[in-house]
Amino acid sequence: YSELVAEGILSKKRMKVYFASLPQRSSVSGSNVTKDLKEYSAVTLRGNKEDTSSMPVNSQDIQKALSEILPVVAREAYFTAALFGLSSRHMDGREKKRNFESAKRSVDHSSQYFRYYMSRICGIASEADAEGKRVTADPMLSLVSSIHLNEAMDSYIDRQKKGGDHSLSLAYVRATILDMRKKVDKQWVTWVEEEIKWIKTSSGVPLNGKRAGVFASFSHFPAYLDHVMVCCKADRPKDYSPNLHKIKVVSYYLQKMAGSLFASLHECAERETTDQQYAANVMRMENSYFFTQSIKQRGSEMTTLFQKQITAASAICKQSTDAYLGWMIKREFKSLHSLFSNISRIRRDVGDGDVPIHVPRATFVRTLQKESSREVMKEKISVIYARMEKHLSEQGGLLPVAWKALVKVLYEWFGRWEKLSTQCYKFILEPSAVDVVRIAKAAGGANRTKSLASEARASTSAGASAVPGESSTPRRTGSRSNTTGRSAGLSYA
């Protein structure tokens, strides 16, 4: 009987003509759109938020074939069960299982050509067949096929609990879908594991970690997610959402890729050759901040999917930023930090009144006059800004956020020092904590204005020199502070 069906309604000729008639003719000719992670363009936090340049896969044929041919296969399974009495209610579980296997073998043979051509348009890799045709694996197509197959499964669940032939036919279709999903998932997962190996190589990260910027793996990952969404939404309604976080295999391995990014970051930060004074903290704060912001820019779908990684990234960013800012202040205000740390320790031991015995007032005042005058403050804070601008990359977009955080830390530290000065020596610190904040804000604004002005001059000179006959090689005319101006609205992680 199954041979009769295989030569009739589900014959090879009929299936070949049907799949060749689909809109994209993907069973006849198809193109591989999958790229390795390193081949995607680097994403920035400014300008175009999403990369839509990657080609979508052909999902229209998959959707159409599943909606039009699967019901035929389900009906055939139902008829086979009914014709041969394979689902009588009086049977025990073991006998029902044997009968289901018998029906499955029969309908598998009946629908062999449907499954053959369906595998082709789902991009399931195959060996060369009798006609010399061979399908090469396309992991991106496999991912999209898995999503379509997962959605198709919902139509073949026996929610009414009818039992009998109806339940058996639905169970067969689910088994067929699951078999295809296993194959496409295996192909995509194999690609993911290979990309994780590349991520762990930490390509392009200098051995000492200085000025590492945003790692290539971190900057390319959002572009891959954009490609995934482009492919999932192709030929779908505008308000369609694939709900990737609800598909276990997809969500698990996408999160595994994200987790490997942070494993690579931790390994680079902890290795012996990495500068531990500031470079390790800078690479942690830049890359964790970039990950958080780039994912959030891609909407609620991705934010929900990577919520666990975003929470961890925010904690890493805050911890490393606090350490980096503390190092910056201690380095530039070394004498003041040493003085007030000593006073704070003595105060805990002997109380406010006896502090001047251990640190004479004359010594205290002399140090303040030398290290904390208004002019010295302006100079030191300008040096801090210049150093921070050198440490942080343009791509990371972290400079305005880090500077805002530094101003806050300066206020807290100088506020404590101001309080110690008043309580222990009845001496008013000048400039005050509020004045220090004003100086820091002015320094940040002045440097950004200066950078924007130099960028404008450079752009003007570049435009004037672009005359016919001259080289058209693009030249870098922007500066890092362009990012700072545009990113000023970003909040501290």
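This is a predicted model: local features need pLDDT of at least 70, side-chain atom pairs count only at pLDDT 80 or more; totals for chains, interfaces and linings use all residues.
Student: How many salt bridges does the model contain?

Tutor: Side chains of opposite charge can pair when their charged atoms come close. The rule applied here requires a side-chain nitrogen of Lys or Arg within 4 Å of a carboxyl oxygen of Asp or Glu. By this rule, the number of salt bridges is 17.

Student: What distance separates the closest N and O atoms of Arg 347 and Asp 352?

Tutor: Arg 347 is partly exposed, with a relative accessible area of 30%. Asp 352 is also partly exposed, its relative accessible area being 30%. The two residues form a salt bridge in which the closest N and O atoms are separated by 2.5 Å.

Student: Which residues belong to the salt-bridge network that includes Arg 374 and Asp 435?

Tutor: Asp 435 and Arg 374 form a salt bridge, with their closest N and O atoms 3.5 Å apart. Asp 435 lies in helix H18 (residues 433-465) and Arg 374 in helix H16 (residues 374-391), so the pair connects parts that are 61 residues apart in sequence. Asp 435 is buried at 14% relative accessibility, whereas Arg 374 is partly exposed at 36%. Through shared partners, salt bridges join into one network Arg 374, Glu 430, Asp 435 and Arg 438.

Conventions:
Residues are numbered from 1 along each chain as its sequence is written. Side-chain values use heavy atoms; hydrogens and water are left out. Buried means under 20% relative accessible area, exposed over 50%, partly exposed in between (1.4 Å probe, protein chains only). Helices (H or I, at least four residues) and strands (E, at least two) are DSSP runs, numbered from the N terminus.
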